[in-house]
Structure formats: structure tokens, C-alpha cells
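I opened the model today to look up a few things. My notes follow in the order I took them.

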Amino acid sequence: MRFEVAASVAEAVRMLAAEPGTTRVLAGGTDVLVQLRSGLVEPDLVVDIKRIDGMREIRAEDGGFRIGAAVSGAELGEDAGVRALWPGVVEGMELIGSTQVQGRATLAGNLCNASPAADSVPAMVAADAVARVAGPAGERDVPVAQIPAGPGKTTLAKGEFIVSIFLPARPAGSADAYLRFIPRTEMDIAVCSAGVSLTIGGDGTCTAARVALGAVAPTVLLVPDAAAALIGSKLDDAALDALAAACSAAAKPIDDKRGTVAFRKKVAGVLARRAAVIAAERARG
Amino acid sequence: MSFDTRPAAFTVNGRQVEIEAAPTERLSHLLRERLGLTGTKVGCDAGDCGACTVLVDGMPQCACLMPAARVAGRQVTTVEGLASDGRLSALQAAFLRHGAAQCGICTPGMLMAAAALLSVNPRPAPAEAEAALGGVLCRCTGYRKIVAAVCDAWADAPRPAPVPAGRAVGAPVARLDGPPKVTGADVFGADRWPAGALWVHVIRSPHHHADFSFGDLAAWQAATPGVAAVFTAADIPGRNAFGVIPPFADQPALAVDAARFRGEAVALVALEPGAAEDFDATAFPVTWEELPAALDPEAAKSAPAIHPARPGNLLIRGLVRRGDPDAALAAAAHVAEGAIETAYVEHAYIEPEAGCAYMDGETLVIHTCTQAPHMDRDDTAVMLGLPPERVRIVATSTGGGFGSKLDISIQPLVGLVTLKTGRPARIVYTRGDSMRSTTKRHPARMRARIGTDAAGRVTGQVFDGDFNTGAYASWGPTVANRVPVHASGPYSVPNYRAEARAIHTNGPIAGAFRGFGVPQATIMQEVLYDQLAADAGIDRLAFRQLNALTDGESTVCGQRLSAVGIGACLAALEGPWSEALAWAADAPAGPVTRGVGIASCWYGCGNTALPNPSTIRIGVTAAGEVVLHQGAADIGQGANTVIAQIAADALGVALGAIRLVGPDTAFTPDAGKTSASRQTYVSGRAAEAAGRALRSAILRHANVAEGASLGFGQGTIVIDDGAARHVIDLAALAEGRDGYVFAAEETYDPPTTALDADGQGTPYAVYGYGAQIVELSVDTRLGTVKLHRITAAHDLGRVINPVLAEGQIEGGIAQGIGLALMEDYVPGRTENLHDYLIPTFGDVPEIHHILIEKPDPEGPFGAKGLGEHVLIPTAPAILNAIRHATGALVTRLPATPDRVLAAIRSKGA
Ligand SMILES: Cc1cc2nc3c(=O)[nH]c(=O)nc-3n(C[C@H](O)[C@H](O)[C@H](O)COP(=O)(O)OP(=O)(O)OC[C@H]3O[C@@H](n4cnc5c(N)ncnc54)[C@H](O)[C@@H]3O)c2cc1C
Ligand code: FES
Ligand code: FES
């Protein structure tokens, strides 16, 4: 196994593309180190991207924010601008691991590790976040929802990696929220989770919404029916019940010792409903 | 996997280091293995336990997740860097003061996470401390004392005054072995090894049941770099069978031909120093042929016998019978009936098994974490074909045990490698090794019926339970015998029949875990008591008071009791109980409901109806130093301190004047096992006797009457009887055995009798009692349970050390919480600390303790045992509180949210 520290995006792409064997990008390393240790993966090449210029920056852009691929959860949480615009994404990221893990874990790493239970991903999908992917053919922008391909798999091609994640601008009266369900109080993997982003018009009507669920399918699940239940409503009980029902119906969880299918489907609805209530409270200020 | 190495230069505790390291070498490995900074602990190697927390540029980081390449140029601070000029930091002192370190294995991680918090927030609120330390797991303390210590670290508390002679018993002294636990100097199983030690890798069965055969081991060894030797069962010189109860010894150190559970050891690979990191175990030449496995005890009863001599896979049956329970139940005014099922529970101490071995002349010396040094020695000797005196076990500090480190694990394995190669060897279990191969709490399937008369007095009980004991006997017989004796709870039950069976399966071996099956059986009994109280229309606490055993009454074994403390415990809970009921009644409207529950415990201290002697030696050197040979393994529970407190007062010397030796089979007499809540009582009695004997010998020598004070030191003993001072010049005395001028060694064995065929007799000489109230709320939409407060009243007979006693209570409660709400070990699925959940800071609520003293004349200074009692009431009180909150009883543990929700729904349906 070779270990390289890339000095630029181009160099990282060159290294990743030139290696015929398996490669791993190293961001925070909170997944990679565990996988190396347990012998789950034995890459031929590990490329450290943390030293690349700009990787650790959060930049305001077009009313939104561009978050470098090596920005840690702790750094994201300290950014008042991001926290104000996308509180749900920040709270999803901040739920990852302990203080120790927070100092290192990244949004892009969480996304590319491609766990169905990844905590930042439903909120990013609800936010319609966009990943900027660098590769041998140059850079391309890909909606976050299209990155995970299944447990542990992404749609990134050989030589490609994520350089930043863009959280877009949003109109006044907008907010988001993320909730997860875990049996223990902290340091646990989601049994089910929900991210909700919405906009409320001047008259209290919901004008836009996106709802995403985690841990109830092989990849994050966008639930348009749930969003449709909110849009045009005043977020009254009937709309929220319809949202919950749409989420329970859309969830396709597996049965395991952390929760039965029936339980996870029900909880998906309850969580999405509660997240929508929180997002609405935030949107109303 | 192999790497090119490159120099990494960084600063550790202010010292500049430069070292060749592979870029993805973990910082934890670098610090421990190469820089000798073993204060940083490794509990999981996966970011889950936080024991490895260090500061990197002031920020807390898991050293096991930090690649060497990322440390270059940075400042690393480890626990060894906290004290300056030999002075403890205020934080370290606060940990000692509050009893925040028990076994101490989590302490370095806790301290480093706390140090990072305090550097930005010197006076944190409890919630802030919990949030900052939430990534560090502790299995001993229940976290409350850690939070208290962190929040109190700003206070410059004066050093506590030394305890004067004769005042040690009852004093809240800090643990005597505490300072090294907060500086990182304490030596655990993985922390020291001889230079050049071979690294032992264990090859284990990936199947629950499989035949296996080896390929060409010699050829593989020759072709694989770094392999010094390979050993299989064929290499074991002695009897390849061990077991904690000799007549049942059935477990091979290395399996022969067939593996009977997933994780069973089949071969050892001894690797040259440094070769372990690159070693690829998947290439080891073994072929597995998977066989049908019996995993469910019900199915196992009709499956082929796992051990041919045990048809029906029945290891043993335990029975206690008294009166005519069937007639009593038939005539009862109220009868409650039910079934409860519990899961495998993993001990999850933060220290995986570890140790090293070397030859000292003809003697094989093994340093290891353990709960039973002498038993380790005797069993290892038998397996390796050596006389016991050729094996020496040196107990390192033990990072938690809770029952599982009673059984042999690494001892014969590392011993075999050293014996065969003549070279020092070491072994450090990974978290996965530890979870896969060591014992668990027995999963139980129990049914019971209990009846009362119209006034609510219990008239009869029938209990029946299958306990899944896994592939080998371990402590299955003890569980089968203890359960029927205790399944009545501390209540008067005139007509009774209880049967418990230990059933073999191909599941993990179930052995000893705090309570030996009694926690499971108590769940069954206590949930039915709530039902009976409701049926009889009596308050639940009052119902228990009505039925509680009193002095002079007989147990289900026909033993007439004295010093019964359950009545006092329940009486002490009357006030908290009414407050708790008022709190529950005051729940705000909405989906979150409140409930309170109560449950009791009793527990006999020491082995059940079997001898279990302890021997303690105390000597005085010619220099006047008092040396206590303390062979009771301290696994965090505090034997090093409690036994010394007892010995100090018996002898009449200041606690601070005592030097501790041991446990070490070469230097300490056998103080038995740290099990069955016996050390404070049994070894304590031996220490008391030894202290008194030594005192008499000294007084006799000086011809001074009892009641005089003794002063040791400066080559003399000064005896003051009020009238005169007598000085014994120690240099003038002949040194006896072990170089002491005065010495005493005393043995104590509890006076018990064997049980007859109906389980009648005196199984224990001393019992401890307790009861707990749990207040909680349930989110009835999600099924989540949030604990609000726990109030625990325990009768300790005499409180030897209140700080340590509270620590036991809080830690036991935390384990009871895990048993009730989250812990469920599934082989192949939960072999790590992120899939196997143990309670963390947020899961353990505020705990109030009420210490009751109802002295038992049999105990030292009246003391009874406590270690196991404390976890028994917690789980049933939680289940009773959930039922109070929701109307629904969860009958299968753990009560995970999906089960709580299902119970609520099925009740509604
Ligand atoms: C104790 C502990 C607790 C945890 N708790 C949680 C939790 O509660 N919720 C949760 O969701 N996760 C949790 N995790 C998992 C992990 O911390 C997160 O997935 C984290 O966000 C990963 O980020 P990272 O930067 O450390 O990724 P890395 O480990 O560096 O990388 C993860 C994966 O993504 C790839 N990768 C990284 N960056 C890029 C990039 N820019 N472009 C392409 N590929 C990339 C890597 O090659 C690797 O395959 C936990 C981990 C630990 C150790
Ligand atoms: S050893 Fe690093 S977190 Fe457990
Ligand atoms: S003191 Fe925390 S694990 Fe033992």
C-alpha cells in the first residue's frame, strides 16, 4: 500500500487515476482508518487530500456556501453563516460520533462512505446540495442524492473525488431540520432518520419542501409524496399526518435486531413529522 | 499490508520525537508500542470507546483513528503529560477525590477529554461535561462520579487529612491504588512486555460449529515471513480441558478436530516482534467444514449432544423445593403468572484480555489481568503439564472483569508459546477476540406463578427456567444452583418450587456475570409482584414490605436468617416512593408518559454451599514497615482499599502506613476468586483475623494488654498502653518467613452446609439486601425510554468505604440499565462496541443512594457483600416503571424501542 499526500486537486486526480488497483481518498479518516484496521479494505493507494489548498475552507457563494471536502464537523458547526442558513445540515453533521470524531469527520467522507445510515446525507439531500466532483475529465457538479449507489458504493468514476459540497441560497422563510432515531442517547448509528427542508410564504402557506429519509433503504430516499403533502398546506395536522403516512409508505427498511420493518416504517413517519415541525418553527423565526 | 516508512517528527508532552512510521500507523500504536507511553489505552481500535483519547494541538482525538502522517509537526499530549513535576493536576486530584476511577482503564481517555473541555470552559455544567466526554465509555462507574469530578475540578480542595489509626473502616478514603490510575502509570495486561516478546495471534472458528483440519503448517510457516512458530491442540503437553468447576472441566484451550462455538481458538501463530502489523491471518492453512449448529436452547434439547456425556444438552439442573406450592397456588386468592426472556449480555469491560509470559529459570511466569490468580495458576499448570509451583501468575491491574475474567482466556495460550519456544511472548486480544471468545451472561427463558392470600401475603411460588449456557460448562452449574435459591427474592415464601436448567448450545459460552443468573430470575419474580400488588389492591411498595423476610424467618432453603436488611431498605424508600409517584402523576399531557417502578434484591455472598476460603498475610519488616499480602484481585471494585482498611483497623495501624503486595501467586496466599461478592466479606474476614492475630502477637511479645496503641516505623514498634511506652527494637528480632519479624496469616471460610436433594440447607452465611426505585418517561410514539432518576437503598451491614460503595451502586445500576434497555449480544453481528451498545453518559440518570447498615456478626466489622446486589433490582424496576407509564409489560429483554412500542400496541389491540 502506498500513501501519498496530494498538494493540488490535479495531482490527486492524477494519482487516483494512474493507480491500477484500489484507491482510497483520506479525508478525516474516521471511516478509512477503521476499515484499514479491521482488514475490511486493503487499498493499493491512499491519497491524503487534506493539504490541498482550499479543502478546509467554507466560502460564501451565490447566497449559499461552498464547503471544502476536508472541513470537519466541528469547523462546520462553528460557522455561524452555514448554521443560520442550513441548521438541519449542521445538526446532521454534528450528530456524527463524539467530540473526538467531530474534529475530523467530513461531509464528503460521510457521503462517500455511502452508509445507508449516514447522518449528514438526508439533510444534504433535503437541502438539494450539490457535490463538485473533480476527475480526469475535469470538474462536474452532481446532486448529492446521486452520489451513493448502495451500501459502501458511490457513482464516482475512477480517478474522481469530491472537492466541495455546495449548499444553495434560499428564500426568506426557509429552514431545515434533521432527526435521527437511535436506541442509545449518543454515539450510535441511526436506525432511521429524516431530513426536512421547507419554505413558508408570507401567509403561512408552505411553498416548497423536500423530505429525505435515511437508514430505511440501501441509499438515502427522497420522498416527493411527503413534500407534496406539505406544499400548499398551512402545515396543519392533516398535512403533517399525510407527510408521516407518505414517509412510512415510502420506507423500505430491513428487519434486524435494531428494529423491525414495521417499527422502522412507523418511526420514519413520526421522525419526519417531528422534523417538519422543527423546520417550520425555525422558518417562522 | 505493508508500507514504506518515513520519519514523523512531532512533540509528545513537550518532548520532541522523531520516529520512523508507516503513514497510516495509528498514533495509539506509535505511542504505546514504540514510545512506551502506555497510559493511552486501546479498548476497541475503532473510535468507539474513546479510551485512546489524546490531545492533538489541544483538541481531543482518538489516537486509534489518527494516522501517523497527520501527526507530523503537531503537539500531542497524553495522560502522562497531565501531572507536572510529580504533582497531580487539579483534574486528576478531583478524579481521586470523587472516586471517578474504578478499574482505571477508561480514566486516561476521560481525563484527556475533560482536559480539553476545561481548557476552554474551566467550570462546566454537568450537561457540558457529559457532552464533551460522551465519546468515552466506562463500564465500571456509571459515569456520575466522573461528571462530578470534572465539574468540581476547578475547586482547589485541600488534600484530605490522613485517616488516624483505628478509623479506617467507614472512612471515605480515596482508593489506595488510585494515583497511578490518573497518571497513566498503572500497568494493565497490555502495558508491559519483555523485550523481544513474540506476538501471539489466535486463529478462531468463524462458524458456530465446524469440523476443521490443518494444511501443511510447517510449509506455511516456512513460507510466511515473521512466523516463529505455530501451535495446535497436539502441542498441549497436559490435559487440554479447563473449567472453573473442576468436575465439569470441558473446554479445550485449543479445539481438537471440531469447534463448538464461533470464536473458539484452534491454533496459535507466534510472530516475531514487529511482524504482527503485516501479518495476514486469512492465509493460515485451515479448512472448515461447517456443521449444523444448535443455537436455541429449546431446539438443543432434542439436538445431538454437544458433549456426549450430557444427553439432551442438559449440563445440570438446580432445584429448591419447600412445602406444597401447587396446593398453595390452587388455594390462592390472587395468582400472577408470566414468562420472561433475556438475551446474551457481554461484559464489555474496556480492557480486552491481555498479558505476557516469560521463563524465570524453571518457572513459567505469566502477567495478566485476572479475577482469580490462583485458579489461573492451577488450571494453566494442568494444561501445560507442569506442577503448580512451576507456574506463577502475576495479576496486573485489571480493566474491569464483572465475572468474565474469572475464566481462563489468554493464560494457557501465551504460556504454551513461552514454554515451547523458551522465548517471552505476549498476547493482546482485539475487541473482536474478546467479544467472540469470552463468556457472557446466560440468556434465560423463565416462567413463574406466584399466589397470595386475600390479604396479599405470598403463599406459594413456582419458577422454571432454561439458561442457555453455550458450548462449554464454565459457570453454568453455579447459575443453575444459585437461581433456585434466589428466585423467591428477599421475601417469605412458605411453599416453593424452583428449577433452573443449564442447557448447552453452540452459542457463546455463558459464564459468570455479576449475579450468576439472579438478575434474570429477579426480573421474573418482581414483575409478577407488581401484578399481585395490583390484584390485591395494595400499593406496590407496601406489598413488598408486607412480604419481606424478617429476622428469624426462614428462606426457601429453610435457613433461618438474622441481620435481614430488606425491611430497612424498603422503609428507607417510603419517602422517595411517594415523591416518585407524585412526579409520575404530574406528567404533562402529550405522547410522553411517566412511570415509576420498584424492585428488591437479596444475594448470598460467597460460593453456594461450597467451601471458598480466603487467606491473608500481614508482616512487619525489621524496618518497621507493615506489609499486607493482599491476594484478592482488584478489578476496580476496590479490594486493594477495602481489605487494607479492614486490616489496618484490626491491627491498629494508620491506613497510610500499610504497604500492599500482590496479587501474585508467588507472594500472596490464595484469597480465592473475585466473584460472588465475597471479597469484602470473606477476604475481609481473613484480613481482620490476620490483623488481630498480628496485633496479639506484638502485644504478647511486649507483654502489654489489649487496648494499647501501636506505632510502626524507624526499626521499632512503639506500644503505648496509656501508662507506659514500650519500644520493640525490631533489629534485635529474628526474621522469619518472607523476611518478617512479625507475621500473621489467617484463613476464613464461610460456615455453610451442603444442600439436600430439595435444596434445603445453609447455602450462604451472609446475605446482602437492597431495593431500588426507577422513575422514567416513555415516548409512546417512538417507544423510547428516558430514565429520570434512580433511588437505591442497599444494606451493606457495615459500610467499609462509602465512596467505593456508592461507586459500586452506580456502576451496577448502569449495567442493569444496559441489561434492561439495550444490550443484546448476537454472535457474528455485535462483535464490536458500535453494534453492541452499552450505556453511555446520557443513559445513566441521576442516582440517589441510601446506605443502610444492619451489621452481620459473621462479616468483618459487620460488613456484607455488595458488588453484585446492586445491579439486580435495576432491570425489573425499569420494566415495572415502563408498565406503570404505558400499561404494557415488555417480556423480552432488552426493552428496545421497537419492543416497547409493540407491547404498547398489543395491549391496545
Ligand atoms: C466512533 C465513530 C462514530 C461514528 N458515528 C457516526 C454517526 O453517528 N453517524 C454517521 O453518519 N457516521 C458516523 N461515523 C462514521 C464517520 O465518522 C462518518 O462517515 C464521517 O463523516 C466520515 O468522514 P471522514 O472525513 O472521516 O471520512 P474518511 O474516513 O476519510 O473517508 C470515508 C470514505 O469516503 C471516501 N472519501 C472521503 N473523502 C472523499 C472525497 N472528498 N471524495 C471521494 N471520496 C471520499 C474515503 O475514501 C472513504 O471511502 C462514526 C465513526 C466513528 C469512528
Ligand atoms: S481505542 Fe480508540 S476509540 Fe477505542
Ligand atoms: S473505571 Fe471506567 S471502565 Fe473501569
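Before the sheet, a term: I count two strands as paired if DSSP finds at least two bridges between them. Helices (H or I, at least four residues) and strands (E, at least two) are DSSP runs, numbered from the N terminus.

**Ground rules.** This is a predicted model, in which local features need pLDDT of at least 70, side-chain atom pairs count only at pLDDT 80 or more, and totals for chains, interfaces and linings use all residues. Residues are numbered from 1 along each chain as its sequence is written, and chains are lettered from A and ligands numbered from 1 in the order in which they are written.

**Sheet in chain B.** I began with strand E1 (residues 6-12) of chain B, which 7 bridges join to E2(B) in an antiparallel run. B:Val12 has B:Arg15 in E2(B) as its bridge partner. B:Asn13 sits in the loop between E1 and E2 of chain B. I noted its positive phi of about 50 degrees, although B:Asn13 is not a glycine. Most residues other than glycine have a negative phi, and most peptide bonds are trans.

The two strands belong to an open sheet of 5 strands in chain B, ordered E2-E1-E5-E3-E4 with mixed pairing. Strand E2 (15-21) and strand E4 (59-62) of chain B are the edges, each pairing on one side only. From one strand to the next the twist averages 40 degrees. Helix H3 (residues 107-120) of chain B packs on this sheet and touches strand E3 (53-56) and E4 of chain B, with its direction at about 35 degrees to that of E3(B). For angles, axes are lines fitted to C-alpha atoms, for helices over the stretch in contact, and the values run from 0 to 180 degrees between N-to-C directions. Contact means C-beta atoms, placed from the backbone, within 7 Å.

**Cis prolines.** I checked peptide bonds next. The bond from B:Gly662 to B:Pro663 is cis, with omega near 0 degrees. B:Pro663 is in the loop between strand E26 (658-661) and helix H19 (679-702) of chain B. The bond from B:Leu893 to B:Pro894 is also cis, with omega near -5 degrees. B:Pro894 falls in the loop between H21 and helix H22 (897-908) of chain B.

**Helix pair.** Helix H14 (residues 518-536) and helix H21 (residues 874-886) of chain B pack at about 35 degrees, their axes 8 Å apart. Among the residues that meet are B:Pro519 and B:Ile523 in H14(B), and B:Leu879 and B:Arg883 in H21(B).

**Ligand 1.** Where does ligand 1 lie? I found it between chains A and B.

**Chain contact.** I then turned to the interface, where 33 residues of chain A are in contact with 37 residues of chain B. On the chain A side, H2(A) gives the most, with 4 residues.

**Record.** Last, an unreviewed UniProt entry annotates residues 1-172 of chain A as "domain: FAD-binding PCMH-type". UniProt positions are given in the numbering used here, feature names are shortened, and annotations may be inferred rather than shown by experiment. Over residues 1-172, chain A is 31% helix and 26% strand, and the end C-alpha atoms are 50 Å apart.

How values were computed:
Two residues are in contact if their C-beta atoms, placed from the backbone, lie within 7 Å. A residue is near a molecule or strand if its C-beta atom, placed from the backbone, lies within 6 Å of it.
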